[in-house]
Amino acid sequence: MQVTREMVENEIRKLGLQEFLKTHGVSSTIIKKSQLTTSHDRSEISKYYDKVKEVEFNSKIETELINGINREVSNFSWFKIVNYAIYGVPQGIFLNVSTLRFLDQLAILSELDLSGYNDYFQSHYSFDFACYIDSNHKHHYYLSGDGNHRITIAKLLGLRYVHADKLKIYKW
């Protein structure tokens with residue numbers, strides 16, 4: 001049976017997002033981490049870098065090192081972004097994301113559980129990123145193309161890595 005958006009939305013509304021994730025294989029530790037780490041806007045970091053130093057193709061990026069997506073979504077935890085998208089954004093908060101796209105990804109998770117979702121994700125998706133390497137050689141990755149919802153879900157679920165079709169590297 002194929003899991004639909006409506007089925008996922010009903011399950012999340014019944015259980016809550018946290019319990020829904022646990023039911024489908026996401027550990028409490030990963031959920032807690034997604035509640036504590038926040039998305040950042042790359043405009044703050046990018047103003048210190050002049051031009052691309054290198055371009056890499058077909059790279060793997062550790063999801064843990066991804067700092068932001070390609071939307072004006074800053075200082076929200078990865079968990080809160082999805083939670084707001086599903087339950088509604090409080091008045092006065094701007095969050096430019098679509099509920100339906102998150103529900104589509106969570107429907108895949110519901111159908112396959114975490115291990116199957118990871119395999120599906122790794123075999124179906126690839127993204128473009130910008131990487132800013134600071135003076136301490138720390139890498140800061142930001143999505144630079146399509147995939148805002150998928151990367152947010154990858155961060156929420158604690159996937160180990162994502163594929164990058166094109167990676168523009170900026171160095172300090």
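Student: What is the phi of glycine 88, the residue that follows H5?

Tutor: This is a predicted model: local features need pLDDT of at least 70, side-chain atom pairs count only at pLDDT 80 or more, and totals for chains, interfaces and linings use all residues. Numbering starts from 1 along each chain as its sequence is written, and side-chain values rest on heavy atoms, leaving out hydrogens and water. Helices (H or I, at least four residues) and strands (E, at least two) are DSSP runs, numbered from the N terminus. Glycine 88 comes after H5 with a positive phi, near 110 degrees.

Student: Is helix H5 largely enclosed or largely open?

Tutor: Count its buried residues. Buried means under 20% relative accessible area, exposed over 50%, and partly exposed in between (1.4 Å probe, protein chains only). In H5 (residues 78-87), 7 of the 10 residues are buried, so the helix is largely enclosed.

Student: Which elements do the buried residues of H5 pack against?

Tutor: The buried set is Trp78, Phe79, Ile81, Val82, Tyr84, Ala85 and Ile86. Contact means heavy atoms within 4.5 Å. The partners of these residues are H1, H2, helix H3 (28-36), strand S2 (66-68), H6 and helix H7 (148-157).

Student: Which residues does threonine 152 touch?

Tutor: Threonine 152 is part of helix H7. Its relative accessibility is 0%, so threonine 152 counts as buried. Leaving out residues up to four places away in sequence, threonine 152 touches Ile69, Trp78, Ile81, Val82 and Phe102.

Student: Are H1 and H6 roughly parallel or roughly perpendicular?

Tutor: Axes are lines fitted to C-alpha atoms, for helices over the stretch in contact, and angles run from 0 to 180 degrees between N-to-C directions. Under 35 degrees is roughly parallel, over 145 roughly antiparallel, 65 to 115 roughly perpendicular, and the rest oblique. H1 and H6 pack at about 85 degrees, with axes 8 Å apart. The two helices are therefore roughly perpendicular.

Student: Which residues of H6 make that contact?

Tutor: Start from the H1 side. Arg5, Val8, Glu9, Glu11 and Ile12 contribute there. From H6 come Leu100, Leu103, Asp104, Leu106, Ala107 and Ser110.

Student: How far apart are the closest N and O atoms of arginine 5 and aspartate 104?

Tutor: A salt bridge needs a side-chain nitrogen of Lys or Arg within 4 Å of a carboxyl oxygen of Asp or Glu. Arginine 5 is partly exposed at 32% relative accessible area, and aspartate 104 is partly exposed at 30%. Their closest N and O atoms form a salt bridge at 2.5 Å.

Student: How many residues separate this pair in the chain?

Tutor: Arginine 5 sits in helix H1 (residues 5-15). Aspartate 104 sits in helix H6 (residues 99-124). The pair links distant parts of the chain, and the separation is 99 residues.

Student: Which strands are tied together by glutamate 54 and lysine 171?

Tutor: The two side chains meet in a salt bridge at 2.6 Å, N to O. They are 117 residues apart in sequence, so the pair ties together separate parts: strand S1 and strand S5 (residues 161-171).

Student: What is the separation of glutamate 19 and lysine 22, in helical turns?

Tutor: These two form a salt bridge, with the closest N and O atoms 3.4 Å apart. Both lie in helix H2 (residues 17-23), 3 residues apart. An α-helix has 3.6 residues a turn, so residues three or four places apart point the same way. For glutamate 19 and lysine 22, the separation is about one helical turn.

Student: Where is histidine 137 found?

Tutor: Most residues other than glycine have a negative phi. Histidine 137 has a positive one, about 65 degrees. Histidine 137 is exposed, at 62% relative accessible area. Its place is the loop between strand S3 (127-133) and strand S4 (139-143).

Student: Which strand holds asparagine 58?

Tutor: Asparagine 58 is not a glycine, yet its phi is positive, near 55 degrees. At 67% relative accessibility, asparagine 58 counts as exposed. Its strand is S1.
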